[in-house]
Structures are given as structure tokens and as C-alpha cells.
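Dear colleague,

Please find below the structure that I am handing over to you. I would ask you to keep it in view while you read the notes that follow.

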Amino acid sequence: MAEIVLLPKGKIGINVEAEVIRPDLMAGKPKAEIEGMRVWQGPVQLPLKEFFDVDVRGAAAPEETTIIIDGDVSRVKHIGHGMKAGKIEIRGPAGMHVGAEMAGGIIIVEKDAGAWAGMEMKGGLLQVKGNAGDHTGSAYRGSWRGMTGGQIVIEGNARSQVGAGLAGGQIVVSGNVENFCGMRQGGGLIVVKGDAIRGVGAEMAGGNIAVYGIIRQFSPGFVEMGREENPKVGDFPLEGMFVKYTGDYAISKNPKGLLYSKEV
Amino acid sequence: MAATIIKNGYVFDPLNGIDGEIKDIFIKDGKVVASLSGAEARDATVIDATGKTVMPGGVDSHSHVAGAKVNAGRLMRPEDHYKSVRAKTDITHSGSGYTVPSVYKQGYDYAAMGYTTVFEAAMPPLEARHTHEEMRSTPILDMGAYMVFGNNWFIMRYLKDGDVEKAAAYVAWMMRTHKAYGIKCVNPAGVENWGWAKNVHGLDDHNIHFDITPREVIRGLAEVNELLGLPMSLHLHTNNLGHPGNWEITRDSLQITSGMDPKNKTEVEWAETKENARRKQCVYLAHAQFSSFGGTSWRDFGSGVKGLVDYVNGADHVVIDNGAVPFGPATAMTGDGPAIHDLYMLSGQKWANCDIELECGSGVIPLMYLKGSPISAVQWAMGLELLLLIKDPWKTIMTTDHPNGGVFTQYPQVITWLMSKKARDDTAKECHKWAYDRSSLGGVDRELGLYEIAILTRANSARTIGLSYRKGHLGVGADGDVTVYDLDPTKLNVNDPATLMQKFARPDYTVKDGQIVAKQGQIVAVPKGRRYYCRPYLDDTLEKEMLVDVKNWFKYYTLGFSNYPVPEKYLTNPVPIQVNKPLEAVVRR
């Protein structure tokens with residue numbers, strides 16, 4: 001096991017774009033090399049040590065390497081972007097795009113995460129213990145193919161467009177979501193333990209969504225299929241009595257999307 | 001300006017009949033010269049091309065690179081941009097976009113690939129200003145744009161009345177007014193019907209209100225073209241494009257101009273060429289692949305190329321570009337609004353559509369050509385069949401109809417397939433079995449050589465659009481546009497497609513007007529290109545009569561008549577080409 005500890009140096013002004021903070025890029029590298037890795041801040045490239053004190057404890061393969069970010073990195077974007085292995089622990093809030101396009105490994109954010117967390121994720125686990133922003137686990141703007149695999153766990157609330165264009169994988173939100181959760185979904189599973197505002201599953205053609213709380217404005221293109229008690233969605237068990245809908249007939253004549261809404 | 005010598009390369013210059021001879025190319029003041037004086041040679045920039053292939057700079061005669069629909073493609077596809085980026089350097093701008101790059105990136109990418117001249121294939125008159133604005137911001141390349149006329153109200157009205165001369169007066173005035181280079185005809189008579197959610201499906205279908213048929217429009221515009229004597233022939237996008245079984249209407253459309261006499265009445269100085277550099281064709285068929293579908297539905301869909309090729313092989317008045325499909329993401333954009341709507345109904349993707357008042361229309365959708373898709377696989381085979389089965393390379397031009405069939409940066413891949421049977425067979429193995437089952441490509445052994453590639457990518461594209469008075473060859477007086485590929489023709493191994501492709505993608509040098517603009521893919525200079533357009537003239541009296549009609553119907557436009565023209569200040573280094581002046585007497589029928 002090896003640990004790389006990044007300690008933020010004071011407040012960051014313009015957001016820093018730090019795709020280099022990835023266990024599979026940093027594993028086995030000496031301190032000086034990690035300190036010298038380049039990150040963008042606005043139009044200039046700077047070494048990582050401008051923003052972090054670096055402490056390297058041992059050297060190991062990426063799978064055995066943990067990056068610990070000990071502080072507030074809410075103004076650092078793209079942490080773990082595209083990572084394939086290893087672990088990142090963020091002991092504070094994280095900025096936008098954390099875990100975007102990650103394909104393997106684990107990211108744990110102890111506080112809130114910014115927008116686009118786990119965007120177009122392919123594999124691995126992203127866990128956010130606080131709230132997440134907009135576009136969690138969604139497709140990039142303009143694209144209709146989002147996350148294809150892996151798991152996102154949000155213990156707080158998430159905002160709009162959770163899992164937009166979801167094609168595979170699983171997103172579980174313990175709190176509430178806002179608008180257009182599962183929009184254009186084609187596969188995979190989204191579970192919302194709290195409430196949703198509107199547009200749940202809008203234009204979905206496949207995949208599953210389950211909402212435990214209240215959907216304030218239900219999408220009009222869904223048709224009721226019946227009621228099920230403790231249904232299992234794939235291997236994910238839901239608890240309680242659910243009304244099952246299929247849709248969205250607004251986009252297709254033969255949609256395969258399933259929406260479970262818990263009876264309250 | 002200092003001189004440049006490209007020394008000792010194997011030169012491929014088809015318009016001068018030079019097929020791989022070792023030669024030096026001398027350029028002075030931006031033009032090819034026969035020799036340099038001792039002093040000039042001493043100060044010249046010398047490029048050592050020993051063991052390398054030297055060709056004239058690439059000429060793309062059909063690409064969608066500027067204007068409203070191109071920009072619509074950029075705007076509706078942010079996902080096309082975020083993974084395809086280009087960082088700025090000391091002399092270049094940043095840019096982004098894969099299938100529809102930003103204007104700067106387009107210019108750099110073309111130049112890095114050895115192309116120096118690119119023509120925008122469809123400029124609606126009302127969008128001419130926008131088109132010229134984008135071309136103004138495109139670095140390095142020499143450019144021009146063809147104007148869309150096939151569904152223009154004035155054209156349809158005059159041609160219905162049988163008044164070809166008045167139609168010609170209108171075209172002449174429009175080309176001068178909007179700085180257009182040639183006549184483009186898109187789904188003649190059909191796009192007008194699209195305003196009523198309809199189309200035309202046969203050459204003798206009459207459209208709504210104007211009551212004109214595609215046959216009359218094609219015939220009329222071709223006559224207008226030769227009456228004025230434009231440098232290029234009519235550029236045709238046929239009816240029923242993208243529909244199974246359309247190869248027959250395509251053949252019949254080409255027949256319409258059979259027997260017409262190509263006339264180039266431009267006043268330009270012709271650089272020296274051994275071969276005849278004047279166009280022979282009366283019709284230049286755009287992206288033939290999309291117009292040679294076989295079958296009757298998507299179930300029995302297959303290549304209809306053979307039927308079309310049989311006709312083209314026996315005809316002397318036709319040039320085609322193929323519109324290859326090299327697989328991957330694309331953005332379909334055309335003035336053929338109904339064709340794009342039909343594709344949208346199949347893909348269910350996002351869709352943009354525009355009605356351009358009294359002139360034309362357009363549509364844009366994202367597309368993805370997958371090797372595993374039966375339709376895409378056949379289209380891939382068809383694009384290559386067209387260039388391999390038409391015997392005379394002087395009837396063919398290689399394009400991808402960028403970005404409809406594929407992206408221009410995939411040209412090296414298409415060239416590799418044309419040069420290597422092994423490359424085709426390797427790809428066919430990865431494709432849906434329809435690729436070879438429903439085309440004849442698997443049985444084609446022909447492999448094009450470098451001389452033929454030079455015809456397909458520069459000599460014939462330049463000749464077809466009447467630009468061979470200065471482009472597409474290296475005769476004395478031609479523009480000093482040269483591409484040096486790191487390919488030794490004596491050691492060419494077409495069974496190594498990956499290397500071949502890489503060499504075509506990244507030439508050692510791209511030289512424009514004698515100046516090195518790109519070196520192994522790096523942009524090293526960013527001169528401003530020229531903008532070509534035609535200034536045809538007809539009869540003054542006729543023009544006055546015609547303008548009365550235009551002003552009368554201008555009440556249907558959403559802008560004022562005085563705001564219609566595009567002044568020359570929108571063009572960088574404008575090169576107006578005088579056509580038909582002194583005036584040839586017009587006899588009205």
C-alpha cells in the first residue's frame with residue numbers, strides 16, 4: 001500500500017483543472033515528479049506544488065495506491081477524471097467533474113461534490129457523502145449517451161439531470177433530486193430515496209428508475225402497468241409497495257423504460 | 001518574395017503528364033517557374049525531397065466548411081467539440097470540433113494534411129454574408145463557394161417560362177452580388193415542396209405553385225451555366241438522395257445534360273500544362289455515393305453503383321465526386337431539407353431545419369456510421385466502388401462530402417483503401433457482411449497508384465471547377481502550392497496500410513504560394529488565402545428587365561433590397577474572375 005497526501009495550500013482563486021490527480025498517473029512516482037505535474041489555471045499551466053503540499057508515503061502499483069486530499073478542493077476540477085484504478089479520498093468538498101469518465105477504482109468525497117460528478121462514467125465507484133451538483137452521472141452537453149457502467153452513491157441530495165442519457169451502471173441518491181432525473185435514459189438504474197420535482201424519465205426509452213418519495217410533476221408520457229411489492233430491479237431490491245409505469249411514450253411508440261414510484 | 005526549390009523529389013503532376021519523374025520544382029514570387037537565376041537559387045529556401053513524393057497542393061472541390069448550416073452543426077453538437085481540441089501556439093488560434101471544426105482548426109487541419117484549396121459546396125444567397133464571414137476567418141486556404149439555385153423562385157419562374165436568358169441574367173447578377181463561384185443545384189424543385197412538407201420523387205414531377213419539374217430545372221441551369229461560360233459546370237445534388245433505389249434517377253439526371261457543349265468564357269491567364277486543363281464536363285455530380293443506392297427498401301438495400309458506373313463509363317460529359325463513408329461520427333448537413341428529415345425519422349437524433357425564404361432550405365443532423373451497421377457497411381463499399389469501377393480517373397474526385405459521409409481528416413484513410421486491396425479486405429472483415437455481400441467491392445482488384453491519387457485529389461478537382469488555370473498542377477505559371485509526402489514510390493508497400501495512411505495524413509511539407517505553411521503536421525506560417533468568385537455579365541437591357549422582377553418580388557423577403565448584396569470587403573484577397581466580357585450577344589428565344 002502507498003499513500004500520496006495532497007494538502008491544499010490556502011484559498012484558490014480561478015478554478016484549477018487537475019486531471020493529473022489520478023492514482024494511476026501518480027503511483028510509484030517520487031515526490032518531486034508529482035509536485036511538478038502540470039495543471040491549468042485559467043490560461044496558464046502551473047506545477048501542482050503551487051496549490052498542494054505533497055507527501056509521498058511508499059510506492060506501489062496503481063491498484064494499491066490511495067491519494068488523500070486533506071482539505072477543501074471545491075475549486076479544483078476534474079479530480080480523478082478518467083482514472084482506471086486505485087483510490088482517491090477527498091476529506092472536504094470537491095469541485096466540478098470529480099470522477100468524470102472514470103473507468104475503475106474508487107473515489108470517496110467526504111463532503112459536497114460539484115456539478116458533473118461521474119459524467120459519462122464507465123466503471124468503478126464514486127461515493128459522495130454530502131450533496132452533489134447538477135448533471136451527476138450524466139452525458140456531456142449535447143450527447144445522448146451518458147454513463148455506461150460503474151456505481152455512483154450520493155448520500156445527500158443531487159440537483160438536476162441526474163443520470164441524463166444513462167446507458168448502464170447504477171446511481172443511488174439518498175436524498176432528493178430536482179428536474180429531469182433520468183432524462184433520455186436508455187439503460188441502467190437510478191434510485192432516488194427522496195423526492196423529485198419534475199421530468200423524471202423524460203424521453204427515456206429503456207432502463208429503470210425508482211423514486212421512493214414524491215414526484216411533484218409526473219411526466220405525461222408514462223402508462224401504469226400495475227403494482228408490485230418489494231420488486232427487484234435487476235439485482236437491486238426495492239422496499240415497499242410500488243406503482244410500475246412504462247414510458248416515455250412521448251419519444252417512442254414502444255418504449256422499454258420502467259419507472260417505479262412508491263405508494264405514499 | 002524569396003524563391004523556393006523542392007529538390008530531387010518524385011513528382012506526380014498529371015495535368016503535365018509527369019508520373020513520378022525525379023525533378024526539381026522552382027517557385028518564385030509564389031508562382032512555379034522553369035528555372036531560377038544563380039543569385040535567386042543561392043538565396044532560395046531549399047526543401048530536400050530526395051526519396052519523397054511531390055504533388056501539387058491538394059484541392060477539395062466539395063466540402064462544407066463555411067456558412068449558416070455549418071455553424072448550425074457546430075452549435076447543435078457541443079459533444080463534437082469537447083474531445084477534439086487544438087491548443088493555441090504563438091502563431092495559431094486554439095480551436096475545437098471533430099466533425100465540424102471551428103474555422104481556424106479547419107484551416108490548420110487541411111493545411112497540415114497537404115491541402116491548400118477548399119471550396120464550400122452550398123452557399124444560400126441569403127447566407128452568403130455569413131459564408132464569407134467564416135471564410136474570412138479561415139486561415140491559409142484559398143476558397144470559394146457555390147451558390148444554391150435549384151429551388152430559387154426567380155429561377156423556377158424564368159425556366160418555367162422558358163426564358164433561359166433571363167434566368168442567366170439573374171444568375172450573373174446574383175453571382176456578382178453575393179460573390180459566388182459556381183452554380184449548385186440541390187434536389188431541384190423538391191426543396192420548394194418541402195415548404196409544404198412534400199417533396200418530388202421523379203424527374204417529371206411538377207412541384208407546387210411553380211409547376212416546374214426537376215428535369216426542367218437541371219436542363220435550364222446547365223444551359224445558364226454554359227450560356228454564361230462559367231469556369232465550372234453545373235454542380236448537381238440529385239433528387240431522392242439517400243433513398244434506396246435512387247441510382248436510376250441519378251443516371252437519368254446525368255443524361256439530361258448529355259450533348260451539351262462545355263464553354264469556359266473566363267478571362268484568365270492559363271499556366272502551362274501539357275494536357276488540356278479545360279473542363280470537359282457539363283455536369284459535376286456531387287457525393288455520388290448518396291445517389292447510387294440500390295434495392296427498393298432498407299431491407300433489400302444494396303449498392304446500385306454498377307448501374308451508375310456503366311452509364312458514366314460511357315459518357316464524356318460527367319465528373320463525379322464520391323462522398324466516401326470512412327466510418328465514425330459525422331454530421332449530415334445539406335440544402336436538401338426533406339432528405340435530412342427522412343434521415344432524422346430513421347435516427348431519432350436531434351435535428352435542425354431551415355427554410356431560406358425565396359431561395360432554398362437546409363437540414364442538419366448528427367450521424368454515426370458503424371462498421372457493424374449493414375447500411376453503413378454498404379455505403380463504405382459504395383464510396384470506394386465508385387472510384388475503382390469508373391475506369392477513367394479524370395471522371396472522378398475523392399471526397400467524403402465533409403462532414404456528411406465522413407470528416408476531411410479521414411481522407412488519408414480513404415486514399416489507403418483506394419491504393420490497397422489488403423486495406424479494403426482488412427476493413428471488410430470488421431464490417432457487417434453486407435459490405436461485400438451487397439456490393440461488388442470484394443471482387444475489385446484494382447489498386448490506384450500515386451499518379452491516379454494525384455488526379456483524384458488535386459488535378460481533376462481543380463480542372464472540374466475550372467481552377468486548373470492556376471491550381472492542381474505544377475506547370476510554369478501555376479500557384480506554388482506543393483505537398484511533399486514522405487513516401488518513396490520505388491519502395492511503396494501498399495500491404496502496410498497503417499504506414500501509408502500516416503504518411504498521407506502528415507506530409508513532410510505543405511507549401512502555399514512558395515511559402516512553407518506546414519511541416520510534419522505543425523503549422524509554421526499562417527498566410528491569408530484568396531477568395532475566388534465569378535463576375536459574369538450578360539445583356540444590360542435584360543439585366544434591367546430582370547431587376548424589375550427581383551425588386552417587385554423583394555416584398556416577400558425579410559430584408560431590404562439594399563441590404564442584400566455582400567460587398568467585397570467581406571473577402572480576404574478577393575480574386576474576381578471576369579466571365580463573358582466583352583459581352584457576347586444574347587439571342588433570346
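**A sheet in chain B**

A352(B) stands across from V364(B), a residue of strand β17(B). Please bear in mind from the start that the model is a predicted one. The strands β16(B) and β17(B), the latter covering residues 360-369, pair in the antiparallel sense, with 5 bridges between them.

**Strands in chain A**

Chain A holds an open sheet of 4 strands in the order β4-β3-β2-β7, and here the pairing is mixed. The edge positions belong to β4 (44-47) and β7 (76-77) of chain A; each has a single partner strand, so one side of each has no neighbour in the sheet. Strand β3 of chain A, residues 38-41, runs antiparallel to β4(A) and is joined to it by 4 bridges. Within this pair of strands, V39(A) is found opposite L46(A) of β4(A).

Parallel pairing can also be seen in chain A. Strand β6 (residues 65-69) and strand β8 (residues 87-90) of chain A run parallel and are joined by 4 bridges. One residue to look for is T66(A), whose bridge partner in β8(A) is K87(A). In turn, β8(A) pairs in the parallel sense with strand β9 of chain A, residues 106-109, over 4 bridges. There, I90(A) has V109(A) in β9(A) as its bridge partner.

**Where the two chains meet**

How many residues of each chain are in contact? From chain B there are 7 residues, and they touch 9 residues of chain A. About 640 Å² is buried between the two chains, and carbon and sulfur atoms give 60% of that area. The interface contains 1 salt bridge. It is formed by the side chains of E101(A) and K83(B), at 2.8 Å from N to O. Sorted by class, the side of chain B that touches chain A consists of 2 nonpolar, 2 polar and 3 charged residues.

**Salt bridges over all chains**

Counted over all chains, the structure holds 51 salt bridges. Among them is the one between K160(B) and E216(B), with the closest N and O atoms 3.8 Å apart. Why does this pair tie together separate parts of the sequence? K160(B) belongs to helix α5 (residues 153-160) and E216(B) to helix α8 (residues 214-228) of chain B, so the pair links parts that are 56 residues apart in sequence.

**Backbone details in loops**

In general, most peptide bonds are trans, and most residues other than glycine have a negative phi.

- G247(A) and D248(A) are joined by a cis peptide bond, with omega of about 10°. D248(A) lies in the loop between β20 (241-247) and β21 (257-262) of chain A.
- H402(B) and P403(B) are also joined by a cis peptide bond, with omega of about -5°. P403(B) is in the loop between β18 (396-397) and α13 (411-419) of chain B.
- N240(B) is not a glycine, yet its phi is positive, at about 60°. N240(B) is located in the loop between β12 (234-237) and α9 (247-256) of chain B.

With kind regards

How values were computed: Residues numbered from 1 in each chain as written. Chains lettered and ligands numbered in written order. Predicted model: local features only at pLDDT ≥ 70, side-chain atom pairs only at ≥ 80, totals over all residues. Heavy atoms only, no water. Contact = heavy atoms within 4.5 Å. Buried area = accessible area lost by both parts, 1.4 Å probe. Salt bridge = Lys/Arg side-chain N within 4 Å of Asp/Glu carboxyl O. Nonpolar A, V, L, I, M, F, W, Y, C, P; charged D, E, K, R; others polar. Pairing = 2+ DSSP bridges. Helix = DSSP H or I, 4+ residues; strand = E, 2+ residues; numbered from the N terminus.
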